[in-house]
Amino acid sequence: MKLEFRRRGILFVVSAPSGAGKSTLLNALRPGADFVYSVSCTTRAPRPGEIDGEDYHFLSAEDFVARLAAGDFLESAEVHGNFYGTLRSSVSEHLADGVDVLIDIDVQGASTIRREPSADIRTSIADIFIMPPSLDELRHRLLKRGTETPEQIEMRLKNAATEMEAWRDYRYTLISGSMEEDLQKFRAIMRAERYLSRRLILV
Ligand code: 5GP
């Protein structure tokens, strides 16, 4: 008889200060990905090139509040003056079907998900923190990106210093280097998580 494993999906929770290289990394991972990227809702205005339904579901504040009241969000938080939320519908069913899901959320959202009442969700978590190599480099990357005003950059840098204190709460932490290095490390983490004995069910 051939042995076979089945497992629930893994919820990859990725957090990083704004400009740490997370979006570049996630965009590099997405083509041909063997996981589903959960598209968050936000009240932030789209940046040039961002596509509604692909990068975010861009909502008005009214629509966001209505979805919050309807209990549609697994978690939600105010980050840098805007609201962000993870839709329950883009996570739960996939995990039950054995499909891995990646969510890109801030440290508050990650903390909420770790306290999620559903044990199925809690045990599916593999959380990863991406550190910028330094705050100077972070400033440099944010300036280079050029999508924020100087005031917004200052707010993001101030928040970054606070966010970085949370790295120990994550199972994995990697310091962002070149895109290739980050990609390799990230893939190694994903691969190892898929072989954790406690996730496997022998059928
Ligand atoms: P940005 O505006 O640069 O796309 O994202 C700003 C911050 O919001 C990032 O730290 C990102 O991880 C976080 N974020 C994006 N989507 C969500 C979400 O659904 N929930 C939470 N809590 N944070 C999110």
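**Exercise 1. The chain as a whole**

Among contacts in the chain between residues at least 6 apart in sequence, what percentage join residues at least 24 apart? Then describe the chain's make-up and extent.

Solution. The model is predicted: local features need pLDDT of at least 70, side-chain atom pairs count only at pLDDT 80 or more, and totals for chains, interfaces and linings use all residues. Residues are numbered from 1 along each chain as its sequence is written, and side-chain values use heavy atoms, with hydrogens and water left out.

Step 1. A contact means heavy atoms within 4.5 Å. Of the contacts between residues at least 6 apart, 68% join residues at least 24 apart.

Step 2. The chain has eight helices and eleven strands; these are DSSP runs (helices H or I, at least four residues; strands E, at least two), numbered from the N terminus.

Step 3. The chain's radius of gyration is 17 Å, close to the 17 Å from the globule rule for 203 residues, so the chain is as compact as a globular protein of that length. The radius is taken over C-alpha atoms, and the rule is 2.2 Å times the number of residues to the power 0.38.

Step 4. Buried residues make up 43% of the 203 residues, where buried means under 20% relative accessible area (1.4 Å probe, protein chains only).

**Exercise 2. Helix H1**

Find which residues of helix H1 are buried and what covers them.

Solution. Step 1. In H1 (residues 22-29), the buried residues are Lys22, Leu25, Leu26 and Leu29. Seen down the helix axis, they fall within an arc of 95 degrees, so they line one face of H1. The arc is that of the directions from the helix axis to the C-beta atoms.

Step 2. An α-helix has 3.6 residues a turn, so residues three or four places apart point the same way.

Step 3. The cover over the buried residues of H1 includes strands S2 (11-15), S3 (36-37), S8 (101-104) and S9 (125-131), and helix H8 (179-193).

**Exercise 3. The ligand**

List side chains that have a polar atom by a ligand oxygen, with distances.

Solution. Step 1. A polar contact is a pair of N or O atoms within 3.5 Å. Ligand oxygen atoms lie 2.8 Å from a side-chain N or O atom of Lys22, 2.7 Å from a polar side-chain atom of Ser40 and 3.3 Å from a side-chain N or O atom of Thr86.

Step 2. The protein covers 95% of the 510 Å² of accessible area that the ligand has on its own (Shrake-Rupley method, 1.4 Å probe).

Technical notes: Buried means under 20% relative accessible area, exposed over 50%, partly exposed in between (1.4 Å probe, protein chains only). A polar contact is a pair of N or O atoms within 3.5 Å; within protein, one must be able to donate a hydrogen and the other to accept it, and residues adjacent in sequence count only if both atoms are side-chain atoms.
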